[in-house]
Amino acid sequence: MTRWRNWGRSVVAEPARIASPSTVDEVAAIVRSAAEQGMTVKAVGAGHSFTDIAATTGVLLHLDGLSGILGIDTATKRVRIAAGTRLYDLGPLLARHGLALQNMGDIDRQSIAGATSTGTHGTGLRFGGLATQITAVVLVTGSGEVLRVSETERPELLPAVRLGLGALGILVELEVQCVDSFVLRSADKPRPFDEVLDGWTELVEGADHFEFYWWPHTDTAMTQTKTRLPADTPFATPNPVALWAEKRLLENEALRAQQVVGHLIPSAVPGLSRFATGVYGEGERTGVSYEVFASPRLVRFRESEYAIPLEALPQALRDVRALVERTGWRISFPVEIRAAAPDENWMSTAHGRPSAYIAVHRYFRDDPTEYFRAFDALMRTYDGRPHWGKMHVRTADDLRPAYPRFDDFLRVRDELDPDRRFANDYLTRVLG
């Protein structure tokens, strides 16, 4: 057996074998072979999910061999992309054709298929998650059939397969609706915690992309407002050394040192967090969209994230703050707040409602169990939906009421994978 573990070191699996196909036909053959042997199959991208959604004791598929742009319709700006393409490669590839993803998250290490299948999102109240940009997919079903789903081919399946949790098939190709290349100006500004919450609606509605971070044990929110600008907007290319110092030393190595000290000396965490909020002052950066959306994340952590109704955010975050203060926990990683537009994808955390996202983190050497379980319980009181790739303890019984099309999704699963070729412990827990 070969051991596999995810980036956050929260999951370890021992698949019976690992396969690295480079063609769609090879993927289909592997699925058919696994079916003959009674084995399960799971595809994995970059392993950036913190849940065991990609873990298997059967065949683990690495799709890095299916990478790159497969075709572009210049009239519609729709781009066919191989499923294993990493987001950090996709940005420059699209830019060569004057195109860009409409929105991105703040991490670009994932594969396009892994990111969309787990509900990865960015921030911006006028923009949905990555899966909302999908116009068609090609997937290998549980029988080994290669199936195309689009606006004209089995269109009734699109709301399910855009965000399929890896439960409906192996995605091998995605068609994505892109936009013209654009520039982003990102302005960072520390603000008082209560001021940001009191002005939450105006801040998130008044910006293209608004988010903020709050370090527990402090009264400061580090806000970040991104503004979309035309592609021909002039901007100064950052000094490579200065950019390296900012991204590597200040944002990552300083954070790493803070986490290590906090892990060894928990009583130091409040003081370290207050110091950190003082170090990160106002700043501005302008650049091409894919470079400004994402930042390097070199310090390993574990994460739980919930989507709640947009208007519930101020009180919900105050409740998180009260929880930390009441328990006396020393939480050294910041809490991240973002927003997204409602969408129609059946298993999307933003299905049918404008959503705010609260993400809590812990350094990977700290035990997150108590914090995450209490956070999980708190978010349920706000009709919260857990991010499929972030740690949570929800089950099918209590997830069904949160998703109006839950049973419709299960019917699609019964059609595309009746023998549960793509099942694993995680999917059994969350889908039944």
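This is a dialogue on how to read some features of one predicted model.

Trainee: What should I know before I start?

Mentor: The model is predicted, so local features need pLDDT of at least 70 and side-chain atom pairs count only at pLDDT 80 or more, while totals for chains, interfaces and linings use all residues. Residues are numbered from 1 along each chain as its sequence is written, and side-chain values use heavy atoms, with hydrogens and water left out.

Trainee: How many helices and strands are there in the protein?

Mentor: Helices (H or I, at least four residues) and strands (E, at least two) are DSSP runs, numbered from the N terminus. The protein has 14 helices and 20 strands. Its radius of gyration is 21 Å, close to the 22 Å of the globule rule for 432 residues, so the protein is as compact as a globular protein of that length. That radius is taken over C-alpha atoms, and the rule is 2.2 Å times the number of residues to the power 0.38. Along the principal axes, the C-alpha atoms fill a box of roughly 60 × 50 × 40 Å.

Trainee: What percentage of the residues of the protein count as buried?

Mentor: Buried means under 20% relative accessible area, exposed means over 50%, and partly exposed is in between (1.4 Å probe, protein chains only). Here 57% of the 432 residues count as buried. Accessible areas come from the Shrake-Rupley method with a 1.4 Å probe; for residues, only the protein chains shown count as cover. The protein exposes about 17200 Å², and carbon and sulfur atoms supply 51% of that area.

Trainee: Which residues form the covered face of strand 10?

Mentor: Leu 147 and Val 149 form the covered face of strand 10 (residues 146-149), and Val 146 and Arg 148 form the uncovered one.

Trainee: Which way do strand 9 and strand 10 run, parallel or antiparallel?

Mentor: Two strands pair if DSSP finds at least two bridges between them. Strand 9 (residues 134-140) and strand 10 run antiparallel, joined by four bridges. Within this pair, Leu 139 stands opposite Leu 147 of strand 10. The hairpin has five residues between the two strands, and Gly 144 takes a positive phi near 90° there.

Trainee: Where is there another hairpin with a positive phi?

Mentor: Look at strand 6 and strand 7, with four residues between them; Lys 77 takes a positive phi near 65° in that hairpin. Strand 6 (residues 69-73) pairs with strand 7 (residues 78-82) in the antiparallel sense over four bridges, and Gly 71 stands opposite Arg 80 in strand 7. Strand 7 is also joined to strand 11 (residues 170-177) by five bridges, again antiparallel. In that pairing, Arg 78 stands opposite Gln 177 of strand 11.

Trainee: Where does His 217 lie?

Mentor: His 217 is in the loop between strand 14 (209-214) and strand 15 (220-230). Its phi is positive, about 80°, although His 217 is not a glycine. With 22% relative accessibility, His 217 counts as partly exposed. Asp 383 is another non-glycine residue with a positive phi, near 55°. Asp 383 is placed in the loop between helix 11 (369-380) and strand 20 (385-386), and is partly exposed at a relative accessible area of 41%.

Trainee: Which residues does Val 44 touch, not counting those up to four places away in sequence?

Mentor: Contact means heavy atoms within 4.5 Å. With that exclusion, Val 44 touches Trp 4, Ala 54, Leu 60, Leu 61, His 62 and Leu 63. Val 44 belongs to strand 4 (residues 41-44) and is buried, with a relative accessible area of 5%. Val 44 and Leu 60 are 16 residues apart along the chain, and their C-alpha atoms are separated by 7.0 Å.

Trainee: Is Leu 399 buried or exposed?

Mentor: Leu 399 is buried, with a relative accessible area of 0%. This residue lies in helix 12 (residues 396-399). Leaving aside neighbours within four places in sequence, Leu 399 is in contact with Pro 386, Trp 388, Arg 394, Phe 406 and Val 430.

Trainee: What share of the contacts joins residues 24 or more positions apart?

Mentor: Among contacts in the protein with a separation of 6 or more, residues 24 or more positions apart account for 74%.
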